[in-house]
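Work through these exercises with the sequence and the 3D view side by side. Try each task before you read its solution.

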Amino acid sequence: MKKIISGNEAIALSFGDAGGVFASGYPGTPSTETLEEVARLGAVYCEWAPNEKVALESVIGASIAGGRSLSTMKHVGVNVAADALMTLTYTGVNGGLILMVADDPGQHSSQNEQDSRNYAKFAKVPMLDPADSQEAYDFVRAGFEISEQFDTPLMLRTTTRISHAKGVVEQGEKRAPKVGEWVKDVPKYVMLPNYGRIKHQLVEERLLKLKAFAETTPLNRVEMGDTDLGILTSGVSYQHVKEAYPNASILKLGLVHPLPERKIREFSAKVKRFMIVEEMDGIFEEQVRAMGIRVDIGKDRISYCGEVSEDIVRTAAGDAVTACGAPVEGLPQRPPTFCPGCAHRGLFTILSKLKVFVSGDIGCYTLGGLPPISAMHSSICMGASISAAHGMAKVNRIAGRTEKPVAVIGDSTFFHSGMTGLLSLAYNGGNALVVIMDNRATAMTGGQENPGSGRVLEGEPAKQVDITAIVKALGIDHVAAINSYNLEETEAAIRKGLETPGPYVLIDSNPCILRYRLKKPLLSVNAEKCTGCRACLKVTCVALGLVPAGDKMKVQIDPNICNGCGVCSQVCKFDAMSVA
C-alpha cells in the first residue's frame with residue numbers, strides 16, 4: 001500500500017507496523033505531530049510526558065520490561081533528557097528503543113540551531129538520518145533491529161524539512177506488537193560505579209562493532225556517477241545535492257554515527273574533488289579530516305548557520321546559480337503576534353505600561369518581546385524564567401537596587417521545568433513576582449493536552465492538576481488569581497505583587513482561545529468618537545486597522561478577525577469602542 005505522508009506521519013506509522021508498544025514525548029516543533037499521529041492511528045499506547053526527561057525515562061522503563069519503545073522530542077529537548085540518555089547508553093536495552101529528535105536548521109520555531117549529531121557522538125550511540133518520508137518509515141524498522149542487535153538505544157534524527165515535507169511511502173508488512181521477557185538484571189540496569197566501569201568497556205566494544213556494521217549496511221550507499229565531483233552527505237542535504245548535481249557521485253549516509261571510514265576512504269579516492277555537504281555543524285568533516293582524508297570543499301564554503309539549499313551547494317562547488325528576482329520593496333511587514341482574543345495580550349499591555357523587567361520563558365508569550373509591546377527582556381530555555389528572575393533579584397539586592405523582576409511562564413512550561421525554579425525561589429528567600437498563564441494547553445505547539453487540561457493525549461479524561469495547590473505546596477505564601485482581560489484588575493494585582501516583599505505568584509486561568517475555539521461578542525468602532533490617536537494599536541491585535549476618514553486615518557475593527565476580548569476598548573481614552 002502506498003500513501004503520501006509527512007516524515008513525522010511515516011515514523012508514527014512505522015512505529016506501529018514495526019511492533020512498537022509504548023511511546024512518550026513532549027510537544028516541540030518540528031517533532032510534535034509524530035506522537036499525535038501515533039495517537040490518531042490508535043494501535044499503540046502513547047502519552048505526553050511533563051517534560052522530555054520524564055518521557056525518555058518512561059520509555060527506558062518500557063524497554064526494560066521488554067517493549068519496543070519510542071520517545072519523541074525536538075533538539076533542545078535532548079538537553080533536558082541528556083541525563084537519562086548518558087546512562088541509558090551504558091545500560092543498553094531489552095526491547096528496542098528509539099529516541100526521535102527533530103532538529104530545526106534555520107530556527108523556524110526554536111531558540112537555537114543545535115545539531116543533534118553531536119549527541120550521538122557524545123553518547124556513543126548509533127544515529128540514523130532519513131532523507132525523505134520513505135526512509136523515515138524504513139529507518140524506524142531498521143532502527144529497532146539495530147537497537148536490539150547491538151543492545152543500544154538508537155537516535156533517529158529528522159530536520160524540519162523531513163518532519164513536515166510529504167512524500168510517497170510504501171507501507172511494509174505489519175508485525176504484531178513485540179514484547180520480550182522482563183527479567184531482573186542488577187549488573188545491567190543498576191549503574192553503580194563497579195557495574196558502570198564494566199559497562200563503559202562494553203560501550204567502547206559496541207562502538208567498534210557498530211563501526212564494522214557501518215561499512216556493510218545498505219543504510220549507507222554509494223551512487224557512482226561523474227567522478228569529477230564526489231559528495232558525502234545525508235538527510236535532507238542529500239535532496240539538495242541531487243537537485244544541484246544529479247549526475248555527481250554521491251556517498252549517501254543513512255547511518256550517520258559511527259561513520260564508515262573504509263567506505264569514505266575508498267569513495268574519496270575515486271573522485272577528483274571530494275565535497276562534504278551537511279547542515280549546521282561540520283560533524284562529518286571534522287571526523288573525515290581526522291581520518292587523514294582530504295576534503296576539497298566543506299565548511300569553508302558552506303555556512304554553519306541555517307539550511308542548505310541547491311544554490312548553496314552549487315555556489316560552494318564553484319558553479320553559477322540562477323539569479324532570483326529582487327524582493328519587492330515597500331511591502332507591509334507583518335511580524336508574529338498574539339492571536340486575536342489571546343489572554344496574553346492584556347497581561348503584556350500592562351507589563352509594558354509599568355516598564356518592569358520581565359524574565360520570559362518558552363511559549364506563545366515570548367511574542368511579548370516584540371515591538372511595539374516589547375515587554376519581555378530575557379528568554380533562555382524551558383522553565384528558566386523563574387530561576388533567572390530569582391538570580392536577578394538577588395543581584396539587585398546586592399547592588400542596592402529596589403526593582404523587583406517579573407517572571408512570566410505558561411502552565412505547560414511550569415509543569416515541564418518551572419516548578420523547581422519556584423521551589424528555589426521560595427526556599428532561598430527570593431524576591432520576584434511570578435505570573436503563571438494557565439491556558440490549559442501546550443498552546444504554541446498546537447494546543448496539546450497537559451496535566452492541567454483534564455485529558456490525556458488519547459483523549460480520555462484525566463486528573464486535572466490544581467496549580468494554586470502546587471504553588472502553595474512549594475512554599476509560596478502570597479498567591480492570587482487574576483483575569484488578564486480586565487486591565488484595571490490586572491494592573492492592581494501586579495502593582496500589589498511588586499510592592500509586597502518576597503515571592504508573589506499571580507495565576508491567570510484563561511483557556512487558549514484557539515485551542516478551545518472560544519468566541520466573545522465582537523467589537524466595533526464609533527468613527528465619530530475615534531480621534532485616530534492609535535493608542536489601541538499598541539496592543540498589537542491584527543483585527544485592528546486604519547482606514548481614511550476625511551483628513552485623518554481612524555481605527556477600524558475587522559469583524560472576521562475580532563474575538564471580542566475587549567483589551568483594545570480598555571486602552572481607548574475616548575470610549576470609541578463597544579460591543580457591535
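UniProt positions are given here in the numbering of this structure, feature names are shortened, and annotations may be inferred rather than shown by experiment. The model is predicted: local features need pLDDT of at least 70, side-chain atom pairs count only at pLDDT 80 or more, and totals for chains, interfaces and linings use all residues. Residues are numbered from 1 along each chain as its sequence is written, and side-chain values use heavy atoms, with hydrogens and water left out.

**Exercise 1. Two annotated sites**

Task: Find the cysteines C541, C562, C565 and C568, which UniProt lists under "binding site" in an unreviewed entry.

Solution. 
Step 1. They span 28 residues in sequence.
Step 2. No two of their C-alpha atoms are more than 10.6 Å apart, so they gather at one spot.
Step 3. Turn to C530, C533, C536 and C572, where the unreviewed UniProt entry also places the feature "binding site". These residues are spread over 43 residues of sequence, yet they cluster in space, with a largest C-alpha distance of 10.5 Å.

**Exercise 2. C568 and disulfides**

Task: Is C568 buried or exposed? How many disulfides does the structure hold?

Solution. 
Step 1. Locate C568 in helix α19. Helices are DSSP runs (H or I, at least four residues), strands are E runs of at least two, and both are numbered from the N terminus.
Step 2. Its relative accessible area is 10%, so C568 is buried. (Buried means under 20% relative accessible area, exposed over 50%, partly exposed in between, with a 1.4 Å probe and protein chains only.)
Step 3. A disulfide is a pair of cysteine sulfur atoms within 2.5 Å. The closest cysteine sulfur to that of C568 is in C565, 6.1 Å away, too far for a bond.
Step 4. The structure holds 0 disulfides.

**Exercise 3. Helix α3**

Task: What span should the 13 residues of α3 (residues 52–64) have?

Solution. 
Step 1. The expected span is 1.5 Å times one less than the number of residues.
Step 2. That gives 18 Å, and the end C-alpha atoms are 18 Å apart, which agrees.
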